[in-house]
Amino acid sequence: MDIGWQVWSDGRLEGLTLYALQITSIPNNIENLTSLRYLNLHFNQITSIPETIGELTQLTEFYLEVNQIGTLPESIGNLSNLITLNINDNQLISIPESIGNLSSLEYFNSHSNALTSLPESFVNLTKLRYLILDNNQLTSLPEDIGNIGSDNGNQWNVLHLHNN
């Protein structure tokens, strides 16, 4: 395969960037890329993420900014090694409860979407240090929002909530 930017190690695809290629969907068989650690699909026209994305358990960085995604699959919570999730500038109206299973997540960027709330499970993200949620339609936050980042001594590097 010779498309986008790729990183291979021992014959296995570990990194893939498909930037601004007018991609409209992610194939269900993406689950076969079991060694993938980095996936960057920004500046495309993707409208949904298949449930099979949850099979990419080695994934540490996932970039989906500037697409047309309305929802994330529940299986996103299976990505236990995920450190960075960047889903800004989409059409997200909600985040699945399973997001709270992302025990390694440190960076979450979902600015410029249509979110009105965060799931209660968000407070389980005890390693989170960067939370960027500006330019949404947030009217409430989880009651125990102060627990986010507790593994870092609640030391936030970035917390953006303006324009909500």
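A: Strand β2 runs parallel to strand β3 (residues 38-40), and 3 bridges join the two. Strands here are DSSP runs of E with at least two residues, numbered from the N terminus, and two strands pair if DSSP finds at least two bridges between them.

Q: Which residue stands opposite Leu16 in β3?

A: Leu39 in β3 stands opposite Leu16. Before you go on: this is a predicted model, where local features need pLDDT of at least 70 and side-chain atom pairs count only at pLDDT 80 or more, while totals for chains, interfaces and linings use all residues. Residues are numbered from 1 along each chain as its sequence is written, and side-chain values use heavy atoms, leaving out hydrogens and water.

Q: OK, and how do β1 and β2 run?

A: Antiparallel: 5 bridges join β1 (residues 5-9) to β2 (residues 12-17). Ser9 stands opposite Arg12 in β2. The hairpin has 2 residues between the strands, and Asp10 takes a positive phi near 50° there.

Q: Switching topic, where's Gly100?

A: Gly100 is in the loop between β5 (84-86) and β6 (107-109).

Q: Buried or exposed?

A: Gly100 is buried, at a relative accessible area of 9%. Buried means under 20%, exposed over 50%, and partly exposed in between (1.4 Å probe, protein chains only).

Q: What does Gly100 touch?

A: Ser121, Asn124 and Leu125, not counting residues up to four places away in sequence; contact means heavy atoms within 4.5 Å. The C-alpha atoms of Gly100 and Leu125 are separated by 5.9 Å, though these residues are 25 apart along the chain.

Note on methods: Helix = DSSP H or I, 4+ residues; strand = E, 2+ residues; numbered from the N terminus.
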